[in-house]
Amino acid sequence: MNSFQKNESKETLFSPVSIEDVPPRPPSPPKKPSPKICGSNYPLSIAFIVVNEFCERFSYYGMKAVLILYFLYFLHWNEDTSTSIYHAFSSLCYFTPILGAAIADSWLGKFKVLSLVGLSLIALGTGGIKPCVAAFGGDQFEEKHAEERTRYFSVFYLSINAGSLISTFITPMLRGDVQCFGEDCYALAFGVPGLLMVIALVVFAMGSKIYNKPPPEGNIVAQVFKCIWFAISNRFKNRSGDIPKRQHWLDWAAEKYPKQLIMDVKALTRVLFLYIPLPMFWALLDQQGSRWTLQAIRMNGNLGFFVLQPDQMQVLNPLLVLIFIPLFDFVIYRLVSKCGINFSSLRKMAVGMILACLAFAVAAAVEIKINEMTPAQPGPQEVFLQVLNLADDEVKVTVVGNENDSLLIQSIKSFQKTPQYSKLHLKTKSQNFHFHLKYHNLSLYTEHSVQEKNWYSLVIREDGNSISSMMVKDTESKTTNGMTTVRFVNTLHKGVNISLSKDTSLNVGEDYGVSAYRTVQRGEYPAVHCRTEDKNFSLNLGLLDFGAAYLFVITNNTNQGLQAWKTEDIPANKMSIAWQLPQYALVTAGEVMFSVTGLEFSYSQAPSSMKSVLQAAWLLTIAVGNIIVLVVAQFSGLVQWAEFILFSCLLLVICLIFSIMGYYYVPVKTEDMQGPGDKQIPHIQGNMINLETKKTKL
């Protein structure tokens, strides 16, 4: 039976403790100072941690850079599904740190989790790495070097973005510039980041002997939850008005838990309350790899001096981070301080939210402009039709509806492409159209069936001294998802094999055979190798640009030999990808003010026993943010520009709420959390609970 009962006297019973009962502790040997970097106050162990983080982030962001396009192009999922799976994966990566933090603080310690779990198992490893590595770096500093520790978090974030910068630039090149099995080389794009994980493990292990490794302090996560639960249940059990109220609701756990633990949980819950609005910021920031990349595939990546792939645009974020961190630390923050403005951590985070709002407003404006330049899409009971005249003379084409009314009249010269698709309305979802063709003195009638929401090409061809026609279904989408696609019509009497690249070739049948669309890399194709059963020749396809769908007609010109007549089924992307620069600059400035500051704030406000727990809680807000994107992508049903506006407005509202919460938050100082005058008596035998007493002169 416990010594404390609910209805007993409120006097606390203390067991007499004699000085002789407590054996004197042997004097602690003087702590050997850890080696420093070049005579500074920065521990040498920080170098190994930062290099490890660089390699690990190279692996993580390199893989994520190509992930959305892997879903879209390789697995052929649609944009909403690709976005949802992308953010589901990101969310899982930021949920697992809770597990990693629990193991780190209660069992293995940060060092062993980081090396054994985090870097060995990539799937669960991110849960071991993320909550530990930032806090583990902070543990390397002594309290008297708090200023250097604050600066460390900026260096730490720089290493993250240096790894992200290089991997985001290189990995898309490994994907797009190298061919594997006739397609983009995703195997290499994922394999190189995997190799960097091995290097990260080796580098981290090299510094093992010089790390400051704070020992784990028991199952701290379980203790926190039990302490909170006991405080709540104890408060409800003692609702009588005769029982005096306590200063804080967690003080109701004092009958069972040590004062220091209660103080630590108080500090933890105060910060966790501030974390409630934060997921919305991450919901915006993490869309750089999904929605913004999908926006980039409908833009032109030719910058004149360099050609960017859509997934390479993400390189702007880490590049700007490397520029903005020293700019903010050494210039902007100091100027603000000289102006007498108290630019606290929470105020920096609020300004970061506002900058992210502006970034998404700019993204919405860019999306609207892209839509204006994009070809229209046929709607219900509509089709788009173009006429390709491959005969040797002009042909007059009349499209007749079911009621013998003329829907379209055009005179098409030989090898003249109509300037644009013509829209035809249907009576039902599918319909037969009658075509009246006039060629020389011939008048021909033919019939073709079409289905709604599709694009068609009516190809007129020579047939001896007469002509005939065939209906070809064009690409089904108004865009090609940023890819360059080609197809061929072969007017020769022999089949042709066309080698578009080392691993990509296609066959086109004789006598007006039509090939399927084939995806190629954007670029110049001055000499594409072709062959028939008895002849080799080359075709000049010219520039194949971003987002365009091309039709090539292979003809035999008496004077010039075999040639390819080129037309565009879908025009190339016209809006430059450089228009994404303002939104990337705004969101990155917001990230520097929000994320870097938040990392340092989380560490400084966390009790010493809960550094990893609070880091994991910080990462948990990122996980929730990705879930928000997943839900909106699946269920909003909004067009893309409206979705961007929705996110911008939501974050603006959240920013106002966070600003009010931050106004009433009083930052906790280190000495306030330590409780230097407290000492815990060791566990007492039997059912007696742990008690805390003030230091008393005996």
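Leaving aside its neighbours within four places in sequence, which residues is Leu-426 in contact with? In this predicted model, the list runs through Gln-381, Glu-382 and Val-383, then Gln-431 and Phe-433, and finally Val-450, Gln-451 and Glu-452. To find Leu-426 on your screen, look in the loop between β6 (422–425) and β7 (430–439). One of the contacts, Glu-452, is 26 residues away from Leu-426 in sequence, yet their C-alpha atoms are 7.3 Å apart in space. Leu-426 has a relative accessible area of 5%, so it counts as buried, the cut-off being under 20%.

Let's move on to a pair of helices. Helix α8 (residues 220–237) packs against helix α9 (residues 259–275) with the axes 10 Å apart and an angle of about 90° between them. That angle is why α8 is described as roughly perpendicular to α9. If you want to see where they meet, display Ile-220, Gln-223, Val-224, Cys-227 and Ile-228 on the α8 side, and Leu-261, Ile-262, Val-265, Leu-268 and Thr-269 on the α9 side.

Our last stop is on the surface. Here Leu-92, Phe-95, Val-624, Ile-627, Val-631 and Phe-635 form a nonpolar patch, and together they have about 540 Å² of accessible area. Two elements, α2 (79–95) and α15 (611–635), each give two or more residues to this patch. The most comes from α15, with four residues. Phe-635, which lies in helix α15, has a relative accessibility of 67% and therefore counts as exposed, since exposed means over 50%.

Definitions and conventions
Residues are numbered from 1 along each chain as its sequence is written. This is a predicted model: local features need pLDDT of at least 70, side-chain atom pairs count only at pLDDT 80 or more; totals for chains, interfaces and linings use all residues. Side-chain values use heavy atoms; hydrogens and water are left out. Patches are made of residues with over 30% relative accessible area and no salt bridge: like charges are joined within 9 Å, nonpolar side chains (Val, Leu, Ile, Met, Phe, Trp, Tyr) within 5 Å. Accessible areas come from the Shrake-Rupley method with a 1.4 Å probe; for residues, only the protein chains shown count as cover. A salt bridge is a side-chain nitrogen of Lys or Arg within 4 Å of a carboxyl oxygen of Asp or Glu. Buried means under 20% relative accessible area, exposed over 50%, partly exposed in between (1.4 Å probe, protein chains only). Contact means heavy atoms within 4.5 Å. Axes are lines fitted to C-alpha atoms, for helices over the stretch in contact, and angles run from 0 to 180 degrees between N-to-C directions. Angles under 35 degrees count as roughly parallel, over 145 as roughly antiparallel, 65 to 115 as roughly perpendicular and the rest as oblique.
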